[in-house]
Amino acid sequence: MVSPKTLNSSVLENLALPKNTYAFLSELISEFPQFKFTLSNRFKWKYPKSIYIDVKTPIPPLYFSLQTLHELGHALSNHKDYQTDIKRLKMESEAWERARGLILSHPNWKTDYGIFYDEEFAESALDSYRDWLHNRSKCKTCGLTCFQRKNGDWVCPSCDLL
Ligand SMILES: [Zn+2]
Ligand SMILES: [Zn+2]
């Protein structure tokens, strides 16, 4: 377990990160000082300004960087809480588009750190959300596909409405 700790250069130096990953994170932290980069045991964005980075698994470095950019994508999109799962899926896709945009606007990342937008990686992350959504939408009692109300409640057309 990694205890939450705000990332700065001295914390970074104590982590056994690949050199490029270290340099990349340092660059992000200085380019986006409005956000708080925090060590964690999972990747996560928390409104209004916390970007949690999973430092246990910096391998392969490309995926690590892409996932970090994805969380930064949520941050730059100013994502808050979502009411429905469909909205969440939309946010996930938006965050990936932001990550793509960031990579396009930083051509040096490719030369310096070997970072490029890996469509397959992003799509498989989105797929896991789609699967999750699909599983969540099944009624635990009868297996029918439920629908979600605007307030976030799931309703089974059979068990809850008949
Ligand atoms: Zn996300
Ligand atoms: Zn049901």
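Reader: What makes a residue count as buried, and what share of the 162 residues in the chain is buried?
Author: Buried residues are 21% of the 162 in the chain. A residue is buried if 20 or more other C-beta atoms lie within 10 Å of its own, exposed if 12 or fewer, and partly exposed in between, with C-beta atoms placed from the backbone. This is a predicted model, in which local features need pLDDT of at least 70, side-chain atom pairs count only at pLDDT 80 or more, and totals for chains, interfaces and linings use all residues. Residues are numbered from 1 along each chain as its sequence is written, while chains are lettered from A and ligands numbered from 1 in the order in which they are written.

Reader: Why is S50 called partly exposed?
Author: S50 has 17 C-beta neighbours inside 10 Å, so it counts as partly exposed.

Reader: Which residues does S50 touch, leaving out those up to four places away in sequence?
Author: S50 touches K36 and T38; a contact requires C-beta atoms, placed from the backbone, within 7 Å. S50 and F37 are 13 residues apart in sequence and 6.1 Å apart, C-alpha to C-alpha.

Reader: What makes residues 50–54 a strand, β4?
Author: Strands are DSSP runs of E, at least two residues, and helices are runs of H or I, at least four, numbered from the N terminus. S50 lies in β4, and the chain has six helices and six strands.

Reader: Which element has the lowest mean pLDDT?
Author: Helix α1 (residues 9–13) has the lowest, 65, and helix α5 (residues 107–113) the highest, 96. pLDDT is the predictor's confidence in each residue, from 0 to 100. Where pLDDT is low, the predicted coordinates should not be read in detail.

Conventions:
Two residues are in contact if their C-beta atoms, placed from the backbone, lie within 7 Å.
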